[in-house]
Amino acid sequence: MVSNRWSLERVRDSSGTWVTELKALVWAMQIMLVYNKRRMQFQTDCTELVKMVSTPTAWPAFETLLEEVEKCKRRFEAFSIIHIPRTTNTKADKLARSARDQPYDVYYVNSIPPTSLPELI
């Protein structure tokens with residue numbers, strides 16, 4: 001589970017985008033559980049992530065991470081994950097693009113962007 005320090009695991013992973021997406025989902029699920037948020041709808045612009053979570057047995061290469069997702073899912077009273085097209089989620093897309101341009105790792109979980117990032121609206 002998440003440590004009491006609330007430190008973020010480094011989400012960037014050289015083994016691929018889908019692994020990174022899965023790790024980010026597991027982290028987000030764990031945080032919501034720590035805050036006792038038991039009814040959650042997660043939104044993502046990664047269609048493959050939605051497919052992986054919906055049919056985990058079809059993705060054997062990601063079995064270990066998908067088992068972790070399943071463990072977390074069982075702890076929610078209500079859980080869903082839906083695809084949000086990037087074109088309708090421009091604020092998150094701008095945040096991701098500006099974070100990639102930073103010379104250092106950016107960890108951001110909030111509705112208010114840090115002042116070090118360019119304006120997102």
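Good morning. The structure is a predicted model, in which local features need pLDDT of at least 70, side-chain atom pairs count only at pLDDT 80 or more, and totals for chains, interfaces and linings use all residues. Residues are numbered from 1 along each chain as its sequence is written, and side-chain values use heavy atoms, with hydrogens and water left out.

I begin with confidence. The term pLDDT is the predictor's confidence in each residue, on a scale from 0 to 100. For this chain the mean is 78, and 69% of the residues reach 70 or more. Residues 1-15 stay under 50. Where pLDDT is low, the predicted coordinates should not be read in detail.

Next, the fold. Helices (H or I, at least four residues) and strands (E, at least two) are DSSP runs, numbered from the N terminus. There are four helices and two strands, and from the N terminus on their order is α-β-α-α-β-α. Of these elements, helix α3 (residues 63-74) has the highest mean pLDDT, 97, while helix α4 (residues 90-100) has the lowest, 72. Among contacts with a separation of 6 or more, 68% join residues 24 or more positions apart.

How much of the chain is buried? Buried means under 20% relative accessible area, exposed over 50%, and partly exposed in between, with a 1.4 Å probe and protein chains only. By that rule, buried residues make up 28% of the 121 residues.

Let us turn to Thr 44, which lies in strand β1 (residues 39-44). Thr 44 counts as buried because its relative accessibility is 9%. Leaving aside residues up to four places away in sequence, Thr 44 touches Glu 21, Leu 49, Val 50, Ile 81, Ile 82, His 83 and Ile 84. A polar atom of the Thr 44 side chain also lies 3.0 Å from the backbone nitrogen of Cys 46.

Cys 46 is itself buried, at 6% relative accessibility, and Cys 72 is buried at 3%. How many disulfides does the structure hold? A disulfide is a pair of cysteine sulfur atoms within 2.5 Å, and the structure holds zero.

Now the aromatic residues. Rings of Phe, Tyr and Trp (its six-membered ring) pair if their centres lie within 6.5 Å; planes under 30 degrees apart count as stacked, over 60 as edge-to-face and the rest as tilted. Six such pairs are found in the whole structure. One of them joins Trp 59 and Phe 62, whose centres are 6.3 Å apart; the pair is tilted because the planes stand at 55 degrees. Both Trp 59 and Phe 62 are buried. A tilted pair is also formed by Phe 76 and Phe 79, with 5.8 Å centre to centre and 45 degrees between the planes. Within that pair, Phe 76 is buried at 7% relative accessible area, whereas Phe 79 is partly exposed at 21%.

Finally, I draw attention to Asn 36, in the loop between α1 (17-34) and β1. Most residues other than glycine have a negative phi. Asn 36, however, has a positive phi, near 60 degrees. Asn 36 counts as exposed because its relative accessible area is 53%.

Thank you for your attention.

Methods
Polar contact = N/O pair within 3.5 Å; in protein donor to acceptor, adjacent residues only side chain to side chain. Contact = heavy atoms within 4.5 Å.
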